[in-house]
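Let us take a walk through a protein model. Keep the sequence and the picture side by side as you read.

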Amino acid sequence: MEKKKAKKTIHVGDAARDGADAPWGWLTHRGVVPTFSFISLFGLLVRAAVSLHPYSGAGTPPKYGDFEAQRHWMEITINLPAKDWYVNGTLNDLSYWGLDYPPLTAYQSYIHGLFLKLFDPDSVALFSSRGYETYFSKLLMRWTVLSSDLMVFFPAVFCFWIVYNRSRSRGGERCDTAWHIAMLLINPCLILIDHGHFQYNCISLGLTVGAVAAVLSQKDLIACALFSLALNHKQMSAYFAPAFLSHLLGKCLRRTNPFFEVSRLGLVVIGTFAVVWWPYLYSSDALLRVLSRLAPFERGIYEDYVANFWCATSVLIKWKRLFLAPKLKLFSLIMTVSTCLPSMIHQVSSPSSRGFLYGLLNGSLSFYLFSFQVHEKSILLPLLPASLLALDDPSLYKWLTHYGLLSMFPLMRRDRLLLPYMALNALYFLLYHVPRDKRDSEVTGFSAAYPILTAFSACCYFGLHLIYLTVHAPEKYPFLFEALIMIFCFFQFALLAIYTNKKQWTLSKHSMLLNKEKKLI
């Protein structure tokens, strides 16, 4: 009788599971690779659709925007020797979109420049190609971003998901598989910035995801090489450096020969940097010239209306008027390091896979909120680890994505990308709420206040969109609505940072309780 009851229970469980799988069932029963391939194809189609819309600086001389900056770097790199890429001169006017990213970005621009030169030489001709915006050249430029996504970000996500799913304490349901892949590949903020506004964040973020996958699979040397490449593509990848440093150090300290382990990792990092920077290692002056281009301190502590501490508090404290740049650099350094420290201490003292992912999120949030010269687009960096954690903490990812989108809303309007912005908002909402086995994990850090906070935030979220689109700001305060959006998003991100730091520290308590239970058993 008991066996029959057990069998019935199993059948009921299977039926319930099949019901949860229903929205994805037609796809997931084919396996992980076909599921990933189908969602990847859909993700590529979404990116292609967004790329049909305008981009940063379209038809706005004399300097245009980020699209022209990327094209100009291709022009410079294929027409000048590497030693002159970062040097101001008659052939390379650094005041007109001079290279201000590390050498790996320059090499990427060189490869893409060769591709453009093959099909449309006029698009990268020295001097005469400035402001070049033919339909065919725009198509080629869009293709370079799409192919970068396909060759770097997509494979990295696949590797991460395979490793992550194996490392979970219990196997994920098939619907969870499809849902998580969709959350990783169809990130509305990343698609809008790379395929709308026009950038190549998919490369540095893809290298970072690959490094994370390597860490989770205990391939620390590969992780160091990949993360070093990410740093050498975009210096903003340093947002993740505290997590990588503290987690790998914590692991090394638990091995029989910590000094040897740290030395091995250090040699891989130095070797990777040496290879990337080789054309500039012939003299200290050449090296310093490139380094000086990577630190835009002359632009001030913030630019435009970014939802971080310095910009939000500038409504009350005029930082730029009260303090000189050296003092602001010091303040920024102290705030960034001090807010990173709790997360780093946690990973040095008790390194774990989930703790590492939360460390990536906490470190990147600290940099976004307190570091020097942050852009609206930098919200992509905290969004990356949040998407990696989406299966374990879906509400966290939803929260950060919604307010990340809102923080970018004024930029999207300036770029005339309102239609793809609204469409991707709706698509994300639909994909996020597709039924799956694992329901929303409630953000427990705020207990009873959470539903009230959520309702209030949702009203503000929709209200700010509506006001910004329909109401004219007063002449005395022309950027009033941008400031309101910025302040509101800053408070959301600050609350989220408190929650995620608390969550990271509770992970070690939870593991200690589990260990005690195992000993008792």
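Predicted model: local features only at pLDDT ≥ 70, side-chain atom pairs only at ≥ 80, totals over all residues.

Residues are numbered from 1 along each chain as its sequence is written, and side-chain values use heavy atoms, with hydrogens and water left out.

Start at helix 4, residues 103-119. Helices here are DSSP runs (H or I, at least four residues), numbered from the N terminus. At 1.5 Å a residue, its 17 residues should span 24 Å. The expected span is 1.5 Å times one less than the number of residues. The end C-alpha atoms are 25 Å apart, which agrees.

Several residues of helix 4 are buried, among them Leu-104, His-112 and Leu-116. Buried means under 20% relative accessible area, exposed over 50%, and partly exposed in between (1.4 Å probe, protein chains only). What covers these buried residues? The cover includes helix 3 (66-79), helix 5 (135-167) and helix 11 (258-276).

Now go to helix 5. Leu-150 lies there. Is Leu-150 buried or partly exposed? Leu-150 is partly exposed, because its relative accessible area is 41%. Leu-150 touches Leu-44 and Pro-155, not counting residues up to four places away in sequence. Contact means heavy atoms within 4.5 Å. Leu-44 is 106 residues from Leu-150 along the chain, yet their C-alpha atoms are separated by 8.1 Å.

Finish at helix 15, where Ile-345 lies. Ile-345 is partly exposed too, with a relative accessible area of 47%.

How values were computed
Helix = DSSP H or I, 4+ residues; strand = E, 2+ residues; numbered from the N terminus.
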